[in-house]
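Here is a short report on one chain. It goes from single contacts to the overall form.

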Amino acid sequence: MRIGELARRTGASERALRYYEEQHLLSPVRRPSGYREYDEADVRRVHSIRMLLAAGLNTAVIAEVLPCMTDNGEVLVPACAGLAPVLADERDRIDAAIEDLRGARRILDAIVQVAAQAEPTPEICAVS
């Protein structure tokens, strides 16, 4: 199948599919005409890539872990013993990012609370 059909079947844009190829996540066969040719395994692979992206992994990590994952129909399952620490590190990175965002939210909440009670100073306020 061509890239447009793969995009339709997976919900990924053609641009995203080309990006996955640049990142060595997909390796379509190239026809003499230059067209990319995909097969059913690529449909499953794109679904796996999108699931890992949705889980917060970047494409470099996905390239590392994808060969060691199998799809049980509902979720990806690690098939290599050494994968657990890599995934745990990614989970810890996401937890740290969440805490950073919570801290930013607390600061913004405090600023909003003060701003809601402040008297406007028109000569210095350009925001209406």
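Contact here means heavy atoms within 4.5 Å. On that basis, I62 touches L25, I49, L52, L53, L57 and P67, leaving aside residues up to four places away in sequence. The model is a predicted one.

I62 sits in helix α4. Is I62 buried or exposed? I62 is buried, because its relative accessible area is 0% and the cut-off for buried is under 20%. S48 is 14 residues from I62 along the chain, and the two C-alpha atoms are separated by 9.3 Å.

**The nonpolar core**

The largest nonpolar core has 24 residues. Which of them touch the most other members? They are L6, L17, Y20, L26 and L52. Helix α3 gives the most, with 4 residues.

Not counting residues up to four places away in sequence, L17 touches I3, L6, A7, A12, L26 and V46.

**H24, a backbone exception**

Most residues other than glycine have a negative phi. H24 is not a glycine, yet its phi is positive, at about 65°. H24 lies in the loop between α2 and β1, and β1 spans 29–30. Is H24 buried or exposed? H24 is exposed, because its relative accessible area is 67% and the cut-off for exposed is over 50%.

**The whole chain**

The chain has 5 helices and 4 strands. In sequence order the pattern is α-α-β-β-α-α-β-β-α. The radius of gyration is 22 Å, well over the 14 Å that the globule rule gives for 128 residues, so the chain is more spread out than a compact globule. Along the principal axes, the C-alpha atoms fill a box of roughly 70 × 40 × 25 Å.

How much of the chain is buried? Of the 128 residues, 26% count as buried. The chain exposes about 9,000 Å², and carbon and sulfur atoms supply 55% of that area. Take the contacts between residues at least 6 apart in sequence: 45% of them join residues at least 24 apart.

The chain carries 16 positive and 20 negative charges.

Definitions and conventions. Residues are numbered from 1 along each chain as its sequence is written. This is a predicted model: local features need pLDDT of at least 70, side-chain atom pairs count only at pLDDT 80 or more; totals for chains, interfaces and linings use all residues. Side-chain values use heavy atoms; hydrogens and water are left out. Helices (H or I, at least four residues) and strands (E, at least two) are DSSP runs, numbered from the N terminus. The radius of gyration is taken over C-alpha atoms; the globule rule is 2.2 Å times the number of residues to the power 0.38. Buried means under 20% relative accessible area, exposed over 50%, partly exposed in between (1.4 Å probe, protein chains only). Accessible areas come from the Shrake-Rupley method with a 1.4 Å probe; for residues, only the protein chains shown count as cover. Lys and Arg count as positive and Asp and Glu as negative; His and the chain ends are not counted. The place of a charge is taken as NZ of Lys, CZ of Arg, CG of Asp or CD of Glu. A nonpolar core is a set of buried Ala, Val, Leu, Ile, Met, Phe, Trp, Tyr and Cys residues joined through side-chain atoms within 4.5 Å.
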